[in-house]
Amino acid sequence: FSTGGREVLVRASVGVATRTDADESAEDLLRDADTAMYAAKSLGKGRIQVFQSGMEQPVRRRLAMRTALEAALERDELFLEYQPIVDMASGAVIGLESLVRWNHPQLGRVMPADFIPLAEEIGLIDQLGEWVLRTACRDVARMTPSGRGGDAPLVSVNVSAHQLGGGVLTRQVAAVLAETGLDPSRLLLELTESTLAAAGQGVELELVGIDRMGVRIALDDFGSGYSSLEYLGRLPIGVLKIDRSLVARIDVERQRQEVLRAVGNVANQLGLTTVVEGVEREEQRQVLLGLGFAKAQGYLFSPPAPLGDALGIEQPAAA
């Protein structure tokens, strides 16, 4: 469509229901078509889905989750866990990646992969993202290091494509830093390549503005797909987080070691800090140290955990 001098591309998910019983009413058909439409959205959007018997249960569960998610923030059902980023040589904790969890009253713990896309779909991602940002910055700003990590660590927060491009994230970051008193240099915003590709126009200017605040920006999951070096040269990225897929068999496959060596060389030439994700075995740590990598995170060091467990610190009482 052409509107206001611009072209707008509109996509749709379509649900189809056919009448198979003479007793079916128009309301029955609309209900089944609506169920099929939500199934089409859950399967990736932009597709046609024909209603089938048995489709109702997962769709009803998704609709129930949608309603519950809208109230989860008000009911204090969301919480954060943190996975440490460590110096592999000393074991010192130098950073914490914040990971949001949902403690659903009936379903129990719901993982981000199940509700973040839903939050994006229903327009709740800005509110959810702001809650994660504020909570993570507040937690880290008020904690006291206990000697295990030495200096106070940075905190990283994952950013969705839906939060970028309109200036909302910039305003949220500025407000949260002012409110919590966290030093901007201790905040790291993590974006994947797919996030940058999906965010559209305006992203570069917004990231430059955030970078000028003193906040650091990381390219996450590097190596998980068709990672483009263009982002490293064009955007104000200071940290490269190397995906676990490149690390999985690094201790037994020489070719993977050479790939990582090349990635490390590129990062060094560009002045980027590297963090290797998904380190699970001591053998992997030894190989990475031999290749010149210093920082990592993974289950070898700690799984995601409550703040005090992740850093080994005493949390101060709330003011």
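**A tour of the salt bridges**

Searching the whole structure turns up 18 salt bridges. Keep in mind as you click around that this is a predicted model.

**Stop one.** Select Glu-81 and Arg-101. Their side chains form a salt bridge, with 3.3 Å from N to O. Now show the strands: Glu-81 sits in strand β5 (residues 78-87) and Arg-101 in strand β6 (residues 93-104), so to speak two distant parts of the chain, 20 residues apart, linked by this pair. Are these two buried or exposed? Both Glu-81 and Arg-101 are buried.

**Stop two.** Next, pick Arg-234 and Glu-204. Here is another salt bridge, and its closest N and O atoms are 3.2 Å apart. Arg-234 belongs to helix α8 (residues 230-234) and Glu-204 to helix α7 (residues 203-212), so this pair ties together parts 30 residues apart in sequence.

**Stop three.** Jump to Arg-281 and Asp-251, a salt bridge whose closest N and O atoms are 2.7 Å apart. This time you're looking at loops: Arg-281 is in the one between β12 (273-276) and α10 (282-290), while Asp-251 is in the one between β11 (239-242) and α9 (254-269).

**Last stop.** Select Glu-97, Glu-190, Lys-241 and Glu-277 together. Salt bridges with shared partners join these four into one network.

Conventions
Residues are numbered from 1 along each chain as its sequence is written. This is a predicted model: local features need pLDDT of at least 70, side-chain atom pairs count only at pLDDT 80 or more; totals for chains, interfaces and linings use all residues. Side-chain values use heavy atoms; hydrogens and water are left out. Helices (H or I, at least four residues) and strands (E, at least two) are DSSP runs, numbered from the N terminus. Buried means under 20% relative accessible area, exposed over 50%, partly exposed in between (1.4 Å probe, protein chains only).
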